[in-house]
Structures are given as structure tokens and as C-alpha cells.
Amino acid sequence: MSGKRTEGRTTIIEMKGVAFSYDGHDVLSNVNFTLSDREFAGMVGPNGGGKTTLLKLMLGLLAPTAGTITMLGSSPVDARPRIGYMPQHAQIDPSFPAPVLDIVMTGRLSGGRVRRYSSEDRERAEIALSEVGLSDRRASMFSSLSGGLRQRTLIARALVSDPELLLLDEPTANLDVRMETQLHELLRKLNERMAIVLVSHDVGFVSEYATRVICVKETVVLHPTSELSGDTLREMYGEKIRIVRHDHDEDGRVTGDYRG
Amino acid sequence: MGEFMRAVAEHTFMRNALLSGLLASAACGVVGTLVVVRRIAFIAGGIAHCVLGGIGAAIYMQTVHGWKWLDPLYGALLSALLAAVVIGMISVKAKERTDTVIGAVWAIGMATGILFLARTPGYGGDLVGYLFGNILMVRTSDLWLLGILDLVVLVSVLVYYDQLMAVAFDEEYARTRGIPVDLFFIGLLLLTAVTIVLLVTAVGIVMMIALLTIPAAIAGRFATKLSHMMIWGAILTVVFTTTGLALSYSPGLPAGATVIILSGVAYLLVVLATTPGGRLRFLPAQRHDS
């Protein structure tokens, strides 16, 4: 693991004065924060607030209009092979003809050089599938899977290259309570060997499980999860927020889906 | 049908027609699959229509400037490749309103061809042949070119299959794995251009988009892997071109149009049969597990 060591921990994400504008419209401005390894950060914020943009900046899919981004001690593009990325599964054509194992193996590709999958690629894909509990579905069509299992397939694809950092875009969307608990178990296990940044609409999930909250609304504010209060949420989502779930708040934390 | 078989046995032009249909089918199933899953049928249509520009220019040069070596097929190939690069660059650079630009390139390509042909003295015209296909006019010398083009397409897809599949499945993710996604996109358009040239003689410029997409779309309704979709797409194209040729022979119908009608009817039947409510038993149902 490379990167700057501060207080004995390695910095994996460092943003300094980062701004991004699109067509003259500022999506993000003056973003400054650092995140250390082994962190489990939840990224929350209103739609259009810049969550996906921030994720794409971390992956080098977008270049910032100002400021510098350091991922795992190097530029986002150079760090990409060591980052596992799970996009929202809704953006994928569900009728694409591909078995689960073939999709997971695409995570082993790197660069444009000619090479076919090796037996090692296949083995690693099998390991990643068993890690997310999908071994018996290796030959199933992606399109035949439920939303929850499609997400697991895409998490396996993100894991197959042994990343040091896992970026997950909306892994909690459309999950029932049982699947959400399973997802948390999986992420907690993965968090023992890699940092996780998870974008979620589900403030409840984030406040329950994450160690740190990245609030994104035109800029970025970091909170320890314990500080995530009703006031913070109202400030971010506006007065219209309704707390609709109370199933996890036995220790007094504010939980809930926002409906801003 | 007996008459058709006798004609195949007796006439070189019938054998050439069958063979060119087979050559076109292989590339058509493979590239058609990629065109269908990447939803670039409109781009393929644009490239196809630009081919008339190259054909017109080649015929003009042959007649007016005496460039006898410039076969219309070469003109078709050059203009298809050029159109692929132009449309590819536009699609990669400008992320919005590319359909407007592609539509314009589409029509400009055709208009160029028509102007060249109008300025070609004494050109009575095989224009209809290029527009709607003239598979019975395939010469033995053409088959060599078609064979080489076919090989280029098949070998390229075989070599880059894993990357092509990854990019087609999830372009953004492929980009995060360092795959040169834009280069692969333009590469796919170049392969589409070559396939289009293979299809010009079989079904012509105007109708080829149906043969490029329908067999692959039918295969996509039951294939469980991209490679299976390609293979079944190719097999179906062989079935459609051969059957269409056979059916059209005795009544003297245009072969290209017969092939297209045949594939269109087959597609319609498959859609009706596999849509919920009217599903046929032998086709696998889409299972939903949780």
C-alpha cells in the first residue's frame, strides 16, 4: 500500500481544492478532505448534489476543473487498477446475454493489450463469486437474476482484481431488509482488508454501518457517523425531509430514508 | 426448389451467389450481434448509405478518367471506412445530438453518389442493383475480396472478443479497467463498415440494416452468451439468404427483397412467440430468482 502516512494510517483519498463544473454550471466546488485506509465511508446527499460526479472524479472518469486528487498515492487514472468499482446496476442493459462468471471475469481485464482469459482469471472469478455467495449461480444469465443478485455479481467483478479500495454506487437500492443485512455482513468482512466508499440514498444504512459520512451537496463535509443528526440532514436535504424508518435507531442515532 | 438446385449445379453465377451469401453471413452474425447489443443500428445505417458515395465516385472515375482498376467494390470499402471514422470521431467527441450529425452524414453520402452517377456519361445504371442488392451479379473475382474481408472481420473479433464483450456489457466499467473504450468503439465501426461492404451485393444498401440486425436480434432472444448469439446470428443469416435466394429463383423475384421479407416475418413470429402471453414452450422462459 502506498500513500502518505499520517498518524500511523495511510491516506487513500486526498482532495485539495477540487472543483468540477459542467457547461458553466458548478457541480462541485472547494472540495477538501482526506480518507484513511480501512475506513468505511458512506456518501450521502441530495440528487444532483454531486455524489456520482465525486465518484467519477475518484475513478479518473472525469477530470477536475480545479484542484488535485490523489488516490492511493497516485493520480486517479494510475490508481484505477487498484480500485474496485461497482456502478449502479440499473445502467446496465438487463437483456445482455452473459453468464455471471463471464461478467465477473471482465474485472480481470486491464489495458488494451491482446489477451484471452487465463485459467488464473477463471479461478479468481470463482473465488470472488464464492466470497459474495454466488458460486451456484456462475452459469446463470445476468438477466435472470434479481436486483440484489445482480448487485452481488457486480461486487464480485469489483473484487476480482484484489482492490485496495472499493467504490460502490448505490449498492443499497431496492434491497429488502434481509438482503440489506447480508450486504452489510459482506461489506464488514471486506472492510477488514480494504477501504470502502459507498454512495447511498439510504441514510439509515449509512448511519448504521459506516464509520464516516461524506456529505455531498455542491461541496463536501465529512462527519463521524455519530454526528449525523437531524440538523445535519435537514441542512443537506432541506426542510422537506421525512424520517421514514426507525428500525435501527436503538442507540439514538437518526436513521431514515430521506424523501427530499 | 428442384429448379433452384439444378440452377446451382449448372450456373457459376448461382454458385457465386450462394457463396457470397455464406461469406456475408459469417461477418453479419458476428458484427450484427455487436451492433444489436451496443444499439448502434442507426450508425450502421449511416455508414451503409455512405457507401453509395464511394460506389458513385468509383464508377465516375472508371468511366470518365479511365481508372479501370477502381472497382465499385473498392469505392464502397473506402467510403464505408471513411464514414466509420468520421461518425466514430463525432460520436466520441460530441456526447449529445450525434443522431442529427449521423443523419446528415447518411444523406450527404448518398447525395454524393447520385451526383457522381449523374455526371457519368452513358451510365444507364446498376443503381438499383447497389441500392437493393444484386446477388446474381457477383463475379468470381469479387468472391476473393469478399473472402479476405470476411477473414479480417472474424479474426479481429476472435482476437479481441473478451475486450469487445467487456466494453459492450459496461462501457464505463471497462474504462476504469484501462481498456481504450473509444478506440474499441471506432474499431467496431470499422468492422461494421467492412461487413456492410460484404452485404452490399447480397441485399443492397437500403435493406442491409435489416439483415445486420434481425438474425442477431432473433439469436439474442434465446442466446445465453454473446458468442452463442454471434454463432446463431450467423447460422440464421445463412438460412435466410439461402432460403430467400431459393424462393426467389423460380418466380424471378428480386433475391434481396425476398431475403429481407423472410427475415422480417421470422423476426415477427419469434417476437410474438417469446413475448409473455404468447410464449412457445420450447423457448426458455426468463427466470427470475431472488
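1. Salt bridges between the chains: the rule finds 5 of them across the interface of chain B and chain A, a salt bridge being a side-chain nitrogen of Lys or Arg within 4 Å of a carboxyl oxygen of Asp or Glu. Over all chains the count comes to 19. One to look up is the pair A:D102 and B:K225, whose side chains meet at 3.4 Å, N to O. A:D102 sits in helix 3 (residues 100-105) of chain A and B:K225 in the loop between helix 10 (181-220) and helix 11 of chain B, so this pair joins two chains. In general, side chains of opposite charge can pair when their charged atoms come close.

2. Before you go further, some ground rules. This is a predicted model, where local features need pLDDT of at least 70 and side-chain atom pairs count only at pLDDT 80 or more, while totals for chains, interfaces and linings use all residues. Residues are numbered from 1 along each chain as its sequence is written, chains are lettered from A and ligands numbered from 1 in the order in which they are written, and side-chain values use heavy atoms, with hydrogens and water left out.

3. Now the interface as a whole. Chain B puts 32 residues in contact with 42 residues of chain A (contact: heavy atoms within 4.5 Å). About 3300 Å² is buried between the two chains, with carbon and sulfur atoms giving 53%; buried area is the accessible area (1.4 Å probe) that two parts lose on being put together, summed over both. B:F169, B:Y173 and B:R177 supply 24% of what chain B buries against chain A, more than any other three residues.

4. Polar contacts and the chain B side. The rule finds 13 residue pairs in polar contact across the interface, both residues at pLDDT 80 or more. The cut-off is a pair of N or O atoms within 3.5 Å; within protein, one must be able to donate a hydrogen and the other to accept it, and residues adjacent in sequence count only if both atoms are side-chain atoms. On the side of chain B that touches chain A, helix 8 of chain B gives the largest share, 7 residues.

5. The open sheet in chain A has 6 strands in the order 6-7-8-4-9-10, with mixed pairing. Two strands pair if DSSP finds at least two bridges between them. Strand 6 (83-86) and strand 10 (219-224) of chain A are the edges, each pairing on one side only. Strand 7 (residues 165-169) and strand 8 (residues 195-199) of chain A run parallel, joined by 5 bridges, and A:L167 stands opposite A:V197 in strand 8. Helix 6 (residues 177-191) of chain A packs on the sheet, touching strand 4, strand 7 and strand 8, at about 145 degrees to the direction of strand 8. Axes are lines fitted to C-alpha atoms, for helices over the stretch in contact, and angles run from 0 to 180 degrees between N-to-C directions.

6. Two hairpins in chain A deserve a look. Strand 2 (residues 9-22) and strand 3 (residues 25-36) of chain A run antiparallel with 8 bridges; their hairpin has 2 residues between the strands, and A:D23 takes a positive phi near 55 degrees. Strand 9 and strand 10 of chain A are also antiparallel, with 6 bridges, and A:R212 has A:P224 as its bridge partner. That hairpin has 1 residue between its strands, and A:E218 in the turn has a positive phi of about 65 degrees.

Notes
Helices (H or I, at least four residues) and strands (E, at least two) are DSSP runs, numbered from the N terminus.
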